[in-house]
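Subject: The structure, and some notes on it

Hi,

Here is the structure I said I would pass on. Have a look at it first, and then read on for what turned up.

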Amino acid sequence: MPRKGVVFRGTGKVCVMKKSDFIVIGCVIVCLLPFFVSDAVYSFYKTFNAEHGMIMSFLKFAILSTLGECIGLRISAGVYNRKGFGIWPRAIVWGVLGMGISMAMTIFSSGVPVFLKTMGMENAVTVMGESLSWDKVFVAFCISVAQNTIFAPVFMTLHKITDTHILSHGGTLSGFFTPIKMGEIMANLNWRVQWNFVFKKTIPFFWFPAHTITFLLPGDMRVLFAALLGVVLGVLLAIATHKK
């Protein structure tokens, strides 16, 4: 009997693509294609993105980062969604967090170069508007380190709390909008994993270099790239879980 789908190898195991994989890939292509074939669509996106940055931040993270979690679930559990996963609550959380990330990017990309200037790097502010150079890479790296050291731990912990809240209420929207038991959830978090893996490994080895690239991009591309990184991280974390 012939095998269905396409077989490919990854992480030492054979993985068979399912009908749902082709549906997801098809949906992604259909959604992205208009931006490449229609100047009017791309122009509308650029205009709306410039005039309504926070709304677009919400949408980019709600769609892309949630997709990353769904892909991660597909890799680790073989499905894009399951009972209790809570795609819609996760999308809402990612959207709100995306707005916070957009705000943090504005604050740190503006403040860190000014701080570096007070520390003696006279061109720290102006270099970010110039062409690629080692000075620009250094400033972008400093912005990334500052944001991911100060903002990221709070962001990641809040995300973990909301994930726990969503799962504890079966992934339902009605359960999601009930009060979050912050103290109870925080008391029961696995802080060893949070510290030893999430903080000590993903922040310096993934987010520091990844967001250095982010801050080297033009301002209107940074939030989109950061949201795409959510897809990449979801895949990487799923592969790490799969290997364990």
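How many residues does helix H4 have, and how far does it reach from its first C-alpha to its last? Helix H4 runs over residues 87-118, which makes 32 residues, and it reaches 45 Å, close to the 46 Å expected at 1.5 Å a residue. Just after H4, Gly 120 takes a positive phi of about 115°. Please keep in mind that this is a predicted model.

**The overall picture**

The protein has 10 helices and 2 strands. The C-alpha trace spans about 70 × 50 × 40 Å along its principal axes. For 244 residues, a compact globule would have a radius of gyration near 18 Å, and the 20 Å computed for the protein agrees with that. Of the 244 residues, 38% are buried.

**Salt bridges**

Side chains of opposite charge can pair when their charged atoms come close. The structure holds 3 salt bridges.

One of them joins Arg 74 to Asp 21, with the closest N and O atoms 2.9 Å apart. Arg 74 lies in helix H3 (residues 53-77) and Asp 21 in helix H1, so this pair ties together parts that are 53 residues apart in sequence. Arg 74 is buried, at a relative accessible area of 10%, and Asp 21 is buried too, at 4%.

Then there is a network of salt bridges that links Glu 69, Arg 90 and Asp 163. Glu 69 pairs with Arg 90, and their closest N and O atoms are 2.7 Å apart. That pair links distant parts of the chain, with Glu 69 in helix H3 and Arg 90 in helix H4, 21 residues apart. Arg 90 also forms a salt bridge with Asp 163, where the closest N and O atoms are 3.4 Å apart. Here the link runs from Arg 90 in helix H4 to Asp 163 in helix H6 (residues 152-168), and the two are 73 residues apart.

Arg 90 is buried at 5%, and Asp 163 counts as buried at 16%.

A nonpolar surface patch of about 870 Å² is made by Ile 25, Val 28, Ile 29, Leu 32, Leu 33, Phe 35, Phe 36, Val 37 and Tyr 42. Which helix gives the most to it? Helix H1 (residues 19-37) does, with 8 residues. In an α-helix there are 3.6 residues a turn, so residues three or four places apart point the same way. Leu 32, one of the patch residues, has its place in helix H1. Leu 32 is partly exposed because its relative accessible area is 44%, which falls between the 20% and 50% cut-offs.

**Cysteines**

A search of the whole structure finds 0 disulfides. Cys 27 is in none: the nearest cysteine sulfur, that of Cys 31, is 6.4 Å away, whereas a disulfide needs the two sulfur atoms within 2.5 Å. Cys 27 is partly exposed, with a relative accessible area of 45%, while Cys 142 counts as buried at 16%.

Happy to talk any of this through.

Best wishes

Note on methods
Residues are numbered from 1 along each chain as its sequence is written. This is a predicted model: local features need pLDDT of at least 70, side-chain atom pairs count only at pLDDT 80 or more; totals for chains, interfaces and linings use all residues. Side-chain values use heavy atoms; hydrogens and water are left out. Helices (H or I, at least four residues) and strands (E, at least two) are DSSP runs, numbered from the N terminus. The expected span of a helix is 1.5 Å times one less than its number of residues. Patches are made of residues with over 30% relative accessible area and no salt bridge: like charges are joined within 9 Å, nonpolar side chains (Val, Leu, Ile, Met, Phe, Trp, Tyr) within 5 Å. Accessible areas come from the Shrake-Rupley method with a 1.4 Å probe; for residues, only the protein chains shown count as cover. A salt bridge is a side-chain nitrogen of Lys or Arg within 4 Å of a carboxyl oxygen of Asp or Glu. Buried means under 20% relative accessible area, exposed over 50%, partly exposed in between (1.4 Å probe, protein chains only). The radius of gyration is taken over C-alpha atoms; the globule rule is 2.2 Å times the number of residues to the power 0.38.
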